[in-house]
Amino acid sequence: MLSNVIANQKVHEQYGGVVPELASRAHQSNILPVIDQALQQAKVSKSDLSAVAITKGPGLLGSLLVGTSFAKSLSLGLEIPLIEVNHMRGHVLAHFIGIDNRANHKPTFPFLCLTVSGGHTQIVLVKSPMEMTVIGQTIDDAAGEAFDKAAKMLGLAYPGGPLVDKFAKQGDPNRFSFSVPKVDNLDYSFSGLKTQFLYFLKAELKSNDNFISLNLNDICASFQKHIVKVLLQKLEIAAKQHNIQDIAIAGGVAANSGLRNGLEKLASKNGWRTFIPEFQFCTDNAAMIAVTGYYKYLNNDFASLNLAPQPRLKLGLT
Ligand code: KG4
Ligand code: ZN
């Protein structure tokens, strides 16, 4: 990896969430400077490039359109192949960024990856860079979404996940408890938790206007402990069912310290080897798309200029 430039979209903080149209406009104004910076940092010129990898989906249509249109132009102008990448595959393959530098610690196929982001929560059985099967997933909200929505109810800025994590570090995780939803198989559900959390806050605020400010750390710690428990319960069942000891996590929520610690505890109990990406490769980044592009390049798996973005692209097809 020679560079991994990420544009911060501060605009989301201002509105307490992602406004799709603002996101795509921000993409449009950022894409050229970001690519310029990436090339400069990498000390390569456009003519050194051998292919361009681009996210086909899932994601917001407007933002995907900016990226795919730009990548097509680059591919056409430089006469280099275009490679389409599934964003969720990118999160999983983030474990292989710079792999040559850590020969002793890389996941062995097949392994399990719990991908937890703002839009997805899935347990993936990874047989090879290209063969991935979702064996469990959320039937409603994603784990990151649950973090962000709870944070919003607490009056925290967007995205709230990292802030909940920060306050949780100083709180008592056993102070409050929430009920675990009954969901079949290896699937998850987080939408009930949102309602449960809202009613919990409402009830407490009735008797104490300052409940949130006085108990913020404990509320965050308890909420985080709950999500981590739910996530890891199913992951442990999945590992047993598939008899797999190499367990990875990925996606923005993989940056969560509670999840990282919880995973390590389970690992020592079950004899797992765990794989947790560096912080910069957990949340959305360019390198995870590039490394996926690299594997597809080796397979001569190129896209055509007819490529259309797919906001709801499923893992497994691309
Ligand atoms: O993978 P990602 O960058 O974007 C998507 O593809 O969705 O994930 C973003 C999500 C957000 O919901 C954000 O709140 C959450 O990851 N997140 C965290 C932490 N860092 C990012 N959630 C909990 N604790 C964190 N430290
Ligand atoms: Zn993502």
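Me: A salt bridge is taken here as a side-chain nitrogen of Lys or Arg within 4 Å of a carboxyl oxygen of Asp or Glu; how many salt bridges does the structure hold?

Reply: This is a predicted model, in which local features need pLDDT of at least 70 and side-chain atom pairs count only at pLDDT 80 or more, while totals for chains, interfaces and linings use all residues. Residues are numbered from 1 along each chain as its sequence is written, chains are lettered from A and ligands numbered from 1 in the order in which they are written, and side-chain values use heavy atoms, with hydrogens and water left out. The number of salt bridges that the structure holds is 11.

Me: K149 forms a salt bridge with which residue?

Reply: K149 is partly exposed, with a relative accessible area of 29% (buried means under 20% relative accessible area, exposed over 50%, partly exposed in between, with a 1.4 Å probe and protein chains only). With the closest N and O atoms 3.7 Å apart, the salt bridge of K149 is formed with D141.

Me: How many residues apart are E236 and K269?

Reply: The side chains of E236 and K269 meet in a salt bridge of 2.7 Å, N to O. The pair links distant parts of the chain, with E236 in helix α8 (residues 211–242) and K269 in helix α9 (residues 257–270); helices (H or I, at least four residues) and strands (E, at least two) are DSSP runs, numbered from the N terminus. E236 counts as buried at 12% relative accessibility, whereas K269 is exposed at 58%.

Me: In β6, which residue is the bridge partner of C113?

Reply: Strand β3 (residues 111–116) and strand β6 (residues 246–250) run parallel and are joined by four bridges. In β6, the bridge partner of C113 is A248.

Notes: Pairing = 2+ DSSP bridges.
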